[in-house]
Amino acid sequence: MASHFVRATLPLSLPCALPTSQAVLDHASRLPARRRERFLAARALLAELMLKVYGLTPLPELTTCKYGRPLFTNRDLPDFSIAYAGNVIGVLLAEEGGRVGLDMEMVRAHSRQTIEYHQQFISSSERTWINAQPDPLEASTQIWTLRQSVVKLAGEGEREMAAICLQPGAGRLRATRFPDVQVISDVEPSLVWSCALLANTDRLCLWDREADGSWRALRTLELNKPSIGSHTLRLTSLPQDRPLQA
C-alpha cells in the first residue's frame, strides 16, 4: 500500500452535509471564523481521503494527544497528519500500520523573529548545505519543514526537535524516537512541503483537491527506487551504530 498526500486551497466547496461527526461540528462552532474554515476544510479533506483510500465514511471519531496532534480514537485506524501554510491545507494519510508527519511552509512568509528561532536548531552540516543552495532562505525553510515533519511523526512536540539530526547533502537523517524514518520533501514556487514516513513505506501518492470538489492525481513517488525526481529531496535513516557528523 501507499501513503497519500492531498492538498487543497481555501476557499473550497464543502458538501452541505459534511461527512464528519457532530463533535467536530460542535468544536468548529466555537472557533473564530478563519480558524473554523480551516478546521472544517481539513476534516472534510481527511474524510474524503479516508473514503477514497479505505472506503470508510463518515469520518471516524477523533481525539488529540497531549501535544495537540489529532488522531483517530480507534488506534487500529490509519495514522494521519494535517498541516496548514497560508491558504493551503494538507493531509497526509499513512498506509496501514504506518506513521506519518506532514509540514508545509510558505517561502519568505516568516518574521525575522521566527527565522531566528529556526536558526538555533540548524547544525553545521545543515548550514553548509543551505549556503550551497541557490536560494539559502528557501533552503533554510526546507530544512525546517524536514525537521518539523519528523517531530509530527514522533508526536512528541518540540522536545524532539534537538534530537533530530539531518544531513541533506548525504541524504541521511537520524531521529532517536523513530530510528527507521524517511522524509520526502519538495520546493514549489511558493510552498515547501515535507512528508515523514516509516522506512518501509514504498510509495507516496500526491493529489490536489480542486475547488469544485474534484481530485487530480499529481504523481506517485516510488520510494524504493534510487532516484525519485531531480527536484525531490529524500532523507533516509542512518543505522544507529554510525555517528552523524555535526
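Predicted model: local features only at pLDDT ≥ 70, side-chain atom pairs only at ≥ 80, totals over all residues.
R147 is buried, with a relative accessible area of 2%.

**Exercise 1.** State which residue forms a salt bridge with R147, and where the two partners lie in the chain.

*Solution.* Step 1: the side chain of R147 meets that of E126 in a salt bridge, with 2.7 Å from N to O. Step 2: R147 belongs to helix α5 and E126 to helix α4, so the bridge links distant parts of the chain, 21 residues apart. Step 3: E126 has a relative accessible area of 1% and is buried, as is R147 at 2%.

**Exercise 2.** Describe how α4 and α5 pack: what are the angle and the distance between their axes, and which hand does the crossing have?

*Solution.* Step 1: two packed helices are described by the angle between their axes and by the distance between the axes. Step 2: for α4 and α5 the angle is about 140° and the axes are 8 Å apart. Step 3: roughly antiparallel would require an angle over 145 degrees, and roughly perpendicular one of 65 to 115. The two helices are therefore oblique to each other. Step 4: the crossing of α4 and α5 is right-handed.

**Exercise 3.** Classify the ring pairs F121–W144 and W207–W215.

*Solution.* Step 1: a pair of aromatic rings is described by the distance of the centres and the angle of the planes. The structure has four aromatic pairs. Step 2: the rings of F121 and W144 are 6.1 Å apart from centre to centre, with 45° between the planes, and the pair is tilted. Step 3: F121 is in the loop between α3 (112–119) and α4 (124–131), while W144 is in helix α5 (residues 136–154), so this pair ties together parts 23 residues apart in sequence. Step 4: F121 and W144 are both buried. Step 5: in the pair of W207 and W215, the centres are 5.9 Å apart and the planes stand at 70°, so the pair is edge-to-face. The cut-off used here is over 60 degrees. W207 is buried, at 18% relative accessible area.

**Exercise 4.** Consider the salt bridges R34–E37 and E48–R209. Are the residues in each bridge buried or partly exposed?

*Solution.* Step 1: the closest N and O atoms of R34 and E37 are 3.4 Å apart. Step 2: the two residues lie three residues apart in helix α2 (residues 33–54), so about one helical turn separates them. Step 3: buried means under 20% and exposed over 50%, with partly exposed in between. R34, at 44%, is partly exposed, and E37, at 32%, is also partly exposed. Step 4: in the bridge between E48 and R209, the closest N and O atoms are 2.9 Å apart. This pair links distant parts of the chain, with E48 in helix α2 and R209 in strand β11 (residues 203–209), 161 residues apart. Step 5: E48 has a relative accessible area of 18% and is buried; R209 is buried at 6%.

**Exercise 5.** How many salt bridges does the structure hold, and which residues are linked in a network of them?

*Solution.* Step 1: the structure holds nine salt bridges. Step 2: the network links R7, E188, D208, E210 and R216.

Terms used. Residues numbered from 1 in each chain as written. Heavy atoms only, no water. Phe/Tyr/Trp six-rings, centres within 6.5 Å; stacked < 30°, edge-to-face > 60°. Helix = DSSP H or I, 4+ residues; strand = E, 2+ residues; numbered from the N terminus. Buried < 20%, exposed > 50% of the residue type's maximum accessible area, 1.4 Å probe, protein only. Salt bridge = Lys/Arg side-chain N within 4 Å of Asp/Glu carboxyl O. Axes fitted to C-alpha atoms, helices over the stretch in contact; angles between N-to-C directions. Parallel < 35°, antiparallel > 145°, perpendicular 65-115°, else oblique. Left-handed = near helix turned anticlockwise from the far one by under 90°.
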